[in-house]
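Subject: Structure handover and findings

Hello,

My notes on it follow below.

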Amino acid sequence: MTDVPVKETRASSSHRQVPDHLSAFFSRQEPEFAQIFEAVDVMPLDDTHCHLITDRDAVTTPQRYLERISLAGFPIPSYFPKGVYAQWLNGDEAVRHDLNKKFDIQNKVEGITYNLSQSIFIKFLVKELAEFLKCNPTLEEVIEARNDRGRDYWSYINSLFAEVGFENIMLDTGVLEGGGAETISQFEDAIIPCKSHRISRIDQVEGELFKLDVGFDDFEALYIDRLQEILDGTGNFGKRSVGMKSYLLPDIGLIRPLYDRKPAALSWGAMKRSVRNATDGVDREEVASVKKDLRRYTFTLALEECLKRDMPLQIHTGDGEAPWVILRNQDPFYLEEVCRFDKGGMMRMPKIIPLHAGYPSVGKAAWLSHLYPNCYFELSIMTPLVHQNLCHRYTQVMEAVPLSKILFASDAFHIPELYWLSGLWGKRYLSQALTNHVVGGSLDFEEAIEAARMILYKNNRVVYNLNPV
């Protein structure tokens, strides 16, 4: 691995007084922990998979904050007829009254968000944010203090990034909450000096081109042109991409690359017929099945383009986002044929990054990365949602995956504190896991510190061919 010169000079939070809610944790650690944590805490961070933050959450309420920060809060609109929740959320008192009477929205939302508030993740988050915002550790007071900072929201976001030392993020531009190039640039400007590098999504390109009323040959030519524009030109909202992402796994499960155009052309025709005959309430698996061969083919074309350029392909794995995805399809082992990418009697080794640590199937994702040298392991969603158990998870990953292939990531979305929490907890519990390896004799101190450098930033820069900073 090429050594990337980095100055680790950021002021360390380990020099500050330990908060009361963490005093027992710090007091229980091995003596080696303090030295390792002090070194790790000042290291820069690269986030290999994350999302846009807009200013729509600059001022919020405790209930809305819970919705926006939790994966379990995502599907709330799906529990009502299409568009109804947005009408209720944005409506005046009369509109909300009428919709509540018809759909019992308020009671349902309160029930969902109450359960979210009782998660240990939220209780721990409140304590950590109260320390950062200098307020009492209740959700109501944290949100009040946060809203006060939200009057200069972009400055607040910058302070969150600076606090944990982000230097590079690999930004998935597939979820923009109605925004576009200007919205992306606003976020990217706000986090400077952290640099943003963009990742484009295959399914986003499909969404653009699948609507066209053209023959398959024309579609194929347009699709390849669009990929090249994204990877070589300014096709990702005015900038180039450094890699791509696929959301195919949740829809079809096992992904077998498809090189034959004929099944894809038939699938294109079937899709066009199904659109013309579509009715409400179509089964999600039926929809996925109609497009399956077409999307396998477009996936294969995109992976070929990434392979030509030595760019990685991220693939949504594990995780959730129910009820839109099919949870049972997200097994990391369903990516084995993609890792192989056989053609002409050989495996061609494109860079594959299963996302979200394969969580909850962490062991499977780790073992896939152990077996296939071109398959990497990234830590998002598990970081930060697992929080204190991250030490165990990190240990599990490091026992299977070479240190040179583990990539720090958050999958932060909507709420900027997810970036901050990922850095805060990632460094803390990675230090704890590395301490266990040092105490256990499997690593010496210098090896442990170099392992942290690899995981937190070095590996990302090698995988994405970033210039030294």
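A residue counts as buried when its relative accessible area is under 20%, and as exposed over 50%; partly exposed lies in between. Arg-68 has a relative accessible area of 6%, so Arg-68 is buried. Asp-57 is buried too, because its relative accessible area is 3%. Please keep in mind that this is a predicted model.

**Salt bridges**

Side chains of opposite charge can pair when their charged atoms come close. The count here comes to 33 salt bridges. I picked out a few.

Arg-68 and Asp-57 meet through their side chains, with N to O at 2.9 Å.

Next, Asp-232 and Arg-309. Their side chains form a salt bridge at 2.7 Å, N to O. Asp-232 belongs to helix α12 (residues 216-232) and Arg-309 to helix α15, so this pair ties together parts 77 residues apart in sequence. Asp-232 counts as partly exposed because its relative accessibility is 49%. Arg-309 is at 22%, so it also counts as partly exposed.

Helix α15 also supplies Glu-285, which bridges to Arg-328 in the loop between β5 (313-315) and α16 (336-340). Glu-285 is partly exposed at 40% relative accessibility. Arg-328 is at 53%, so it counts as exposed.

**Aromatic pairs**

A pair of aromatic rings is described by the distance of the centres and the angle of the planes. The structure holds 26 aromatic pairs.

Phe-166 and Tyr-419 have ring centres 5.8 Å apart and planes at 90°, so the pair is edge-to-face. Phe-166 is in strand β2 (residues 166-172) and Tyr-419 in helix α20, so the pair links distant parts of the chain, 253 residues apart. Both residues are buried.

Phe-219 and Trp-268 are stacked, at 4.4 Å centre to centre and with 20° between the planes. Phe-219 comes from helix α12 and Trp-268 from helix α14 (residues 261-276), 49 residues apart. Phe-219 has a relative accessible area of 2%, so it is buried. Trp-268 counts as buried as well, at 4%.

Ring pairs also link a cluster: Phe-210, Phe-216, Phe-219, Tyr-223, Trp-268 and Tyr-297.

**Two single residues**

Ser-431 lies in helix α20 (residues 417-440). Is Ser-431 buried or exposed? Its relative accessibility is 0%, so it counts as buried. The Ser-431 side chain reaches the backbone oxygen of Lys-427 at 2.7 Å. Leaving aside neighbours within four places in sequence, Ser-431 is in contact with Phe-33, Ile-36, Phe-37 and Val-40.

Glu-304 lies in helix α15 (residues 284-309). At 15% relative accessibility, Glu-304 counts as buried. With neighbours within four places set aside, Glu-304 is in contact with Tyr-259, Phe-341, Lys-343 and Arg-348. The C-alpha atoms of Glu-304 and Asn-100 are separated by 51 Å, and the two residues are 204 apart along the chain.

**Helix α21**

Helix α21 (residues 445-463) has 19 residues. At 1.5 Å a residue it should span 27 Å; the end C-alpha atoms are 25 Å apart, which agrees. There is a bend of about 55° at Met-454.

How is the N-terminal end of α21 capped? Asp-444 does it, with a side-chain oxygen 3.2 Å from the backbone nitrogen of Glu-446. After α21 comes Asn-465, whose phi is positive, near 55°.

Best regards

Note on methods:
Residues are numbered from 1 along each chain as its sequence is written. This is a predicted model: local features need pLDDT of at least 70, side-chain atom pairs count only at pLDDT 80 or more; totals for chains, interfaces and linings use all residues. Side-chain values use heavy atoms; hydrogens and water are left out. Helices (H or I, at least four residues) and strands (E, at least two) are DSSP runs, numbered from the N terminus. Buried means under 20% relative accessible area, exposed over 50%, partly exposed in between (1.4 Å probe, protein chains only). A polar contact is a pair of N or O atoms within 3.5 Å; within protein, one must be able to donate a hydrogen and the other to accept it, and residues adjacent in sequence count only if both atoms are side-chain atoms. Contact means heavy atoms within 4.5 Å. The expected span of a helix is 1.5 Å times one less than its number of residues. The bend at a residue is the angle between axes fitted to the seven residues ending there and the seven starting there. A salt bridge is a side-chain nitrogen of Lys or Arg within 4 Å of a carboxyl oxygen of Asp or Glu. Rings of Phe, Tyr and Trp (its six-membered ring) pair if their centres lie within 6.5 Å; planes under 30 degrees apart count as stacked, over 60 as edge-to-face and the rest as tilted.
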